[in-house]
Amino acid sequence: MTPHNEAKKGDYAEAVLLPGDPLRAEWIADTFLDDARQVNSVRNCLGYTGYWHGNPVSVQATGMGQPSTAIYVHELLNVYGAKTLIRVGTCGGLTTSVKVRDIVLGISASTDSAMNNAPFAPYSYAPFADFDLLRSAVKYAESQMLQHHVGGLVSSDTFYVDDPATSYDVLARHGVLAVEMEASTLYTLAARFKARALAICTVSDCLVTGKEIDAEKRQSSLRTMVEMALSIAGR
Ligand code: HPA
């Protein structure tokens with residue numbers, strides 16, 4: 001037990017999917033897992049453990065943003081023995097080549113957060129995905145012919161930026177494909193605690209064109225993304 005999690009040691013599988021939204025965690029458990037049981041409800045940040053194709057797997061909501069995500073990730077790695085963490089979320093595309101509904105696999109995650117400043121001073125740490133997970137995700141995407149991109153993410157602390165079309169220009173010019181709010185601390189903590197992590201993000205909107213995913217397509221895209229995450233989680 002922790003201040004944020006009522007689960008006991010052993011309640012989580014080694015592989016954990018990490019959506020931001022607690023209701024998405026519940027949906028993933030209900031839709032994809034066999035014999036799912038709820039292991040956490042503290043602050044309604046729901047967590048479940050069940051089986052996928054006979055393999056144990058958990059899903060834990062992180063809430064939005066890096067401070068919240070860091071709490072759940074730190075405890076999953078430190079207290080509950082998680083070894084493979086896969087974020088399943090949405091992101092905003094930063095270039096016109098990244099279309100709504102595409103999948104972005106984050107090879108790295110820049111950030112405007114101060115969370116890594118003090119721990120890494122004088123360096124500017126470059127948080128990165130686990131190579132084997134990333135390779136498995138790419139293979140899966142290719143085998144299913146899914147529209148996908150491998151590139152940089154930026155984990156921003158600010159959702160409502162002044163000028164969405166231009167705020168991330170310098171990053172887009174340096175290969176950053178999409179903005180979200182959690183991957184950077186996920187990658188940092190996974191490296192710190194010798195675990196594997198990957199952020200898989202469905203593009204829900206494009207900051208350059210203003211296009212947004214519609215509700216029905218959002219659901220089928222989320223389904224595709226979760227199937228990808230579950231398929232690579234045990235490998
Ligand atoms: N900003 C941050 N996170 C996001 C966005 C965005 O525009 N779209 C989807 N997740």
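Which strand gives the most to the lining of the second largest pocket?

**Before you start**

This is a predicted model, in which local features need pLDDT of at least 70 and side-chain atom pairs count only at pLDDT 80 or more, while totals for chains, interfaces and linings use all residues. Residues are numbered from 1 along each chain as its sequence is written, and side-chain values use heavy atoms, with hydrogens and water left out.

**Stop 1: the ligand**

Select the ligand and then the residues around it: Thr90, Cys91, Gly92, Phe159, Val179, Glu180, Met181, Ser204, Asp205 and Leu207. A residue belongs here if one of its heavy atoms lies within 4 Å of the molecule. The protein buries 91% of the 260 Å² that the ligand exposes when taken alone (accessible areas by the Shrake-Rupley method with a 1.4 Å probe).

Now show Asp205: one of its polar side-chain atoms lies 2.9 Å from a nitrogen atom of the ligand. At Gly92, a polar backbone atom is 3.4 Å from a nitrogen atom of the ligand. For reference, a polar contact is a pair of N or O atoms within 3.5 Å.

Colour the shell by class and you will find five nonpolar, three polar and two charged residues. Here Ala, Val, Leu, Ile, Met, Phe, Trp, Tyr, Cys and Pro count as nonpolar, Asp, Glu, Lys and Arg as charged, and the others, Gly among them, as polar.

Next, switch to cartoon. Strand 5 (84-93), strand 8 (176-180) and strand 9 (196-206) each supply at least two residues of this shell, and strand 5 has the largest share, with three. Strands (E, at least two residues) and helices (H or I, at least four) are DSSP runs numbered from the N terminus.

**Stop 2: the largest pocket**

Hide the ligand: the space it takes is the largest pocket. A pocket is an open set of points on a 1 Å grid over the protein atoms alone, where a 1.4 Å probe fits, with protein on both sides within 12 Å along at least five of seven lines; lining residues have an atom within 4 Å of a point. About 630 Å³ of space lies in this pocket. Of its 27 lining residues, Thr90, Phe159, Met181, Ser204 and Asp205 are the closest to its centre. The lining divides into 11 nonpolar, eight polar and eight charged residues, and strand 5 gives the largest share, six residues.

**Stop 3: the second largest pocket**

This one holds about 240 Å³ of space. Select Ser110, Thr111, Ser124, Tyr125 and Pro127, the closest to its centre among 14 lining residues. Back to the opening question: strand 6 (residues 103-111) gives the most to this lining, with four residues. By class, the lining has five nonpolar, eight polar and one charged.

**Stop 4: two backbone details**

Zoom in on Ala121 and Pro122, joined by a cis peptide bond with omega of about 10°. Pro122 is in the loop between helix 3 (117-120) and helix 4 (131-143).

Finish at His53, a residue other than glycine with a positive phi, near 50°. You will find His53 in the loop between strand 3 (47-52) and strand 4 (55-60).

How values were computed. A polar contact is a pair of N or O atoms within 3.5 Å; within protein, one must be able to donate a hydrogen and the other to accept it, and residues adjacent in sequence count only if both atoms are side-chain atoms. A molecule sits in a cavity or pocket if more than half of its atoms lie within 2 Å of its grid points. Grid points are joined across faces, edges and corners, and a volume is the space filled by probe spheres set on the points.
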